[in-house]
Every structure is written in structure tokens, then in C-alpha cells.
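Dear colleague,

Please find the structure below. My notes on the sheet and the salt bridges follow it.

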Amino acid sequence: MYVTVKGGQKAIDAAHRLLDKVRRGDRKLKKISAEQIHSQLGLAVDRVQAEGALYAPELSAAAVGQAMGDLTEAVFLVRAYRTTLRRFGFSEPLETEKLECSRRISAAFKDLPGGQILGPTFDYTHRLLKPYAAETEPDSGDVRLQHYDGHELTPVNNDAAVDVNCQVSSGSPAEPFGAAKEFSSLDESGETASSESAMTLPEAGTQLKETINDIDSILIAEGLMESDQPEGGPLGDLTRAPADFPMDRPMRLQSLARADEGFILSLAYSCLRGYGSGHPFVTSLKIGKAEVSFTVPELDFPVTIGRIELTECRTSNRFFTPKGGQPKFTRGYALCFGRNERKAISMAVVDRALRYKELNEQLKGPAQDEEFVISHSDNVEAAGFVSHLKLPHHVDFQAELELLKHIQKTFQAGPETAEQSASPEAVKSKN
Amino acid sequence: MTTEEIKRSQMMRAFNLGDTNLLISCLDDLGGIPDLELLREPETGLIMVRGRLGGTGAPFNLGEMLVTRCTVTLEGHIGHGFKLGDDPQGAFLAAAADAMSQCEFLSQSLEEIASILENDLKQRTKLEALETSQTKVDFFTLVRGEDNAS
């Protein structure tokens, strides 16, 4: 029996009008703009970018606003939007060793090359809730910076015209356009900044921009750590072909990069508690910006088309002895859009756990089972299927109700007939 | 890549990454943009960004990025422009600058503009690096003095 249900349209329209009203909130307060969300709720935006698998900060900020801060809903909006766009092609693989880091730490080595750079971190804060309104504004305008060795640097006004005469200290790459040209100044005043006031970057600053060998590349060179897997067969793409198992590591990483943070976090936690491949060391955790290069089909050379923010995590794990080789540290790897360090650490742990077969380990928990992990990690898919439960199932439920009533009736007729008719075979034959 | 290609790729980088307002003011100083033909109107689309396993191994697809691209011609020279996000004006200007840089009578000026944009970019990243450098941990070791205890 199929019953057409009509009459919801008016209610739906009214519900959406009400949604708009609720979304707007108290009209005595100003509406928050997408720019404000982007600038002040950046980590929410970054999570939407990572799980939406689309690097688009402004759009993701708009999605966070439209979804009233429901990040899973925002991810859904972003995913739906991207399906309307054409794909121009594939970038050159990112060179994450060249990441211009705003944060770079290692839990395995105190003195990693280039030093431990904390960046803007929640770590070491006391997690004391401050009344939001009472919080003091950080200094604006002049950014008076003090170098860690104590000497004060020339104040720099962020908005002011750019001083092109700044000294580029030795470590920086060669001038790209031949000898540095003297552009008298872009100062509105037309005055050339004197060499004293020109900002000279201390060495520590330039180091951040150089390629610094990651600690694991040193360990690899010394034969203590497994080297990166070289290129294998054709590269799969989850956005073009459905997930198929067994899945290779590149596809798994693509899937984990867009996976729900909460799910991956819990899986990583389960690994550490004994349901997986054990306790890793974070050899490097980096947040920074990388340039994306793309080879325009009409040109034969790659061109930089944008600069994006990423989080990368590399872990060192339990030894493995390959056939005919020496035991070496194994590795887990994570890379995701935006500033998402909790996600990245979890992703590296899960990436390593999923390699259990390749590394001859025992299956100890769900985090190692790729079909379980990959099939349930996407929050758009998961939310879609779970949410369908709230949609009308009126007819299905009616059928269950009828069945139950029938079974109860036979129960009343006597226990023997009841047992027979409640058995699955009996129910099947009745239907 | 030939030296010519390297040079063009570096200039295109500056036009693509550079600040659009700065590019506008530089082009205005030059007398604006000459009459160009649009080969491909500014179009927003996706580029699949790739990473590498472990950082240096086999490539994998990380996720897509939103870009706007545009292609123009000027006196037979084809210029390409790309901007992160939805930015038709920026992509058009970057494409125009790329086409202009290939015209003989404009190439010198466009080289200078690219250099201005490049310096501006450097300045910005330098500021970021400077702020970050102050969060570098300065370890020091405490002397415990056991050696002197006896």
C-alpha cells in the first residue's frame, strides 16, 4: 500500500522563514559578516575546509554563518557547492618541506633543525574561561615586536605602504628578477626609507622561510626510519570513483584528509588505548603556508597559482623488519587543509594503524580495519544516512505495527502457536 | 624549463599571488590596460591539490581548491591569470599583466611591476615570519651540581 502524503508545503515554507529569523538572531545586535567569521572564527572555517575537502576560506566562512555554526551542516553546504564547479586539473604535488611555518614542533627531538616554533597555540594556556566582553584587545596599529634575544625591532605598521628597500638577509633565495631593482619607494610620502629604519630580519626569521630538512629525512638518511613509498600505480580519486576495498594508501589518505575530526580523533584515541598500533612519537607537526603550482595545459611549465594554509603531521612508530633488511622505525603521515592540528595528529595515528597488514601486525581494533574506518569517516555520508531516520517512515511504521499486533494476537491464542508464528519462518510465510 | 620560461613563470607567480589593489595602481601608473581580447572569461573552478605520502613519497589527492582563471590575448600573446577563491577581477588583471609582459614595448614595465608585487609579498611573509620567530623556544639547561657535591 502506498499513501501519497501531501499538504506539507505551507508548513515547510513557514519553517524556512522561521529558520531565517532564528538564524538572524536578536535584531538589536549587528549581523556578523562572513569576513568576521573568517577572521575571528578561523578554526571553525578551517575545519569546514578540511572536511569539505575544498580550500575556499571565504566560502567556508559564509557556510559557517548560513549553518548557524553547525559545522557538519556547513561542510555539507561546501560539498554541495563544489559539485557545481568544473575541475581545471591537478596541482603539482605540494612541497611540504618548504612550508612557511607559523608553527613547527617536534615531540621526538628537543633540538630539531630550525628550533621549536610554538606559533599561536592553545597549548600552555590555562583554559580559564574569561568573560568574553572583558577581554582586552591585543595591541593594534603598531606591531612592536621584540626579538627573543632582547633587542627591539623597528616598529612596523601593517597597513602602511610597503618598504621595498628592506634588506633581504643572506639565507633567502636568489632575487628572481635579476639584480634587485631600486624602486625608489612605494611610500606615499615618496621618501625612501633610510637604511636604519628599514627592517632587517633577524636570522631566526629567515630560517622559517628556508627549506629545513625535517627530522625524519635525517633519520631516513641514517637508515633508522623507513623511506617514503615511491610512486606506484595509477592514482585514484575518491571524488570520481566510489570507495573500493582493499584501498591503497594514497586513497586512504585522501579519505582521511576529509574525514570527520571527531571520528578520527576517537579512533586515534582507541589506538593509543590498546585497540591498534600503539603509541607513536610526533616527529614533526607543522602548520604553515605552501604555494600551489599548476601546469596550465597551454603552457609546458608549472606556475604558482595560490598560497594555501596546511597542517602536516609525521609520526615515528614501532620498528618493522622488512624482508632481507634491518629493523627500522615505521611512519604515519597526515596532511590537511587549514589549521587542524588535533585532526592531523589523529590522522597520522590512524594512517599508521591502517597499515597493519603491510607491517605484519595483529588486528587489535576497529582503527586498523580500513573498510570500517573509511566507510564511516565521512560526516556528510554519515549525517545523511543517520538523518534520513527523521524523514517520514509513516507507512513502514504502520506495517511494523500491524505485524506486532498480529503476533500479540497469536500469543493470546496460546503459547505454542505463538512461538510458531513469532518465528521468522512463520512471519515470512504470513507475509 | 628555459630561462625565458623560468622568468615568465616567476612573473606569473607575482601576478597571481600579488595584491590586486597594488597591481591596479601599478597598471594605472602605466596608463591602464590596453585593448585585450578575452579568450576565456574569468571562470571559477577547482584544482585538485596533491600531496605526497610521508611528505616526499608517491602523490595523493588531498582535496580541491577554489580558483578563478582567465585567459586573454594581446597582439597575439596569450596571457593566463589565476587567483585563489572567487576573484574574477583579480584573475583578469593577472592574465592581462601576463599578456602585457610578453609584448616587447611593455615587457620592461611589467617586469618592474612584477618586482614590486614580489617585494610586497616578501614583506608580508617576512612580517609573518618575524612574529612567528618570537615564539621560538629558547631552551636552557640547568646545572644540577652533582659533580661538586662530593
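Is E358(A) buried, partly exposed or exposed? E358(A) counts as partly exposed, at 38% relative accessibility; buried means under 20% relative accessible area, exposed over 50%, and partly exposed in between, with a 1.4 Å probe and protein chains only.

This is a predicted model, in which local features need pLDDT of at least 70 and side-chain atom pairs count only at pLDDT 80 or more, while totals for chains, interfaces and linings use all residues. Residues are numbered from 1 along each chain as its sequence is written, chains are lettered from A and ligands numbered from 1 in the order in which they are written, and side-chain values use heavy atoms, with hydrogens and water left out.

**Sheet in chain A**

An open, antiparallel sheet in chain A is built from four strands in the order β3-β6-β7-β8. Helices (H or I, at least four residues) and strands (E, at least two) are DSSP runs, numbered from the N terminus, and two strands pair if DSSP finds at least two bridges between them. At the edges lie β3 (100-105) and β8 (328-337) of chain A, each pairing on one side only. From one strand to the next, the twist averages 25°; axes are lines fitted to C-alpha atoms, for helices over the stretch in contact, and angles run from 0 to 180 degrees between N-to-C directions.

Strand β7 (residues 302-320) of chain A pairs with β8(A) over 10 bridges in the antiparallel sense. C313(A) has A334(A) in β8(A) as its bridge partner. Across β3, β6 (281-295), β7 and β8 of chain A lies helix α10 (residues 341-353), which runs at about 140° to β8(A); contact means heavy atoms within 4.5 Å.

**Salt bridges**

Over all chains, the search finds 39 salt bridges, each defined as a side-chain nitrogen of Lys or Arg within 4 Å of a carboxyl oxygen of Asp or Glu.

E370(A) and R252(A) form one of them, with the closest N and O atoms 3.1 Å apart. This pair links helix α11 (residues 370-376) to helix α8 (residues 249-257) of chain A, its residues being 118 apart. E370(A) is buried at 13%, and R252(A) is buried at 6%.

E358(A) meets R355(A) in a salt bridge of 2.7 Å, N to O. R355(A) is buried, with a relative accessible area of 2%.

In chain B, E111(B) and K7(B) form a salt bridge (2.8 Å, N to O). E111(B) lies in helix α4 (residues 104-133) and K7(B) in helix α1 (residues 3-17), 104 residues apart. E111(B) is buried at 13%, whereas K7(B) is partly exposed at 33%.

Yours sincerely
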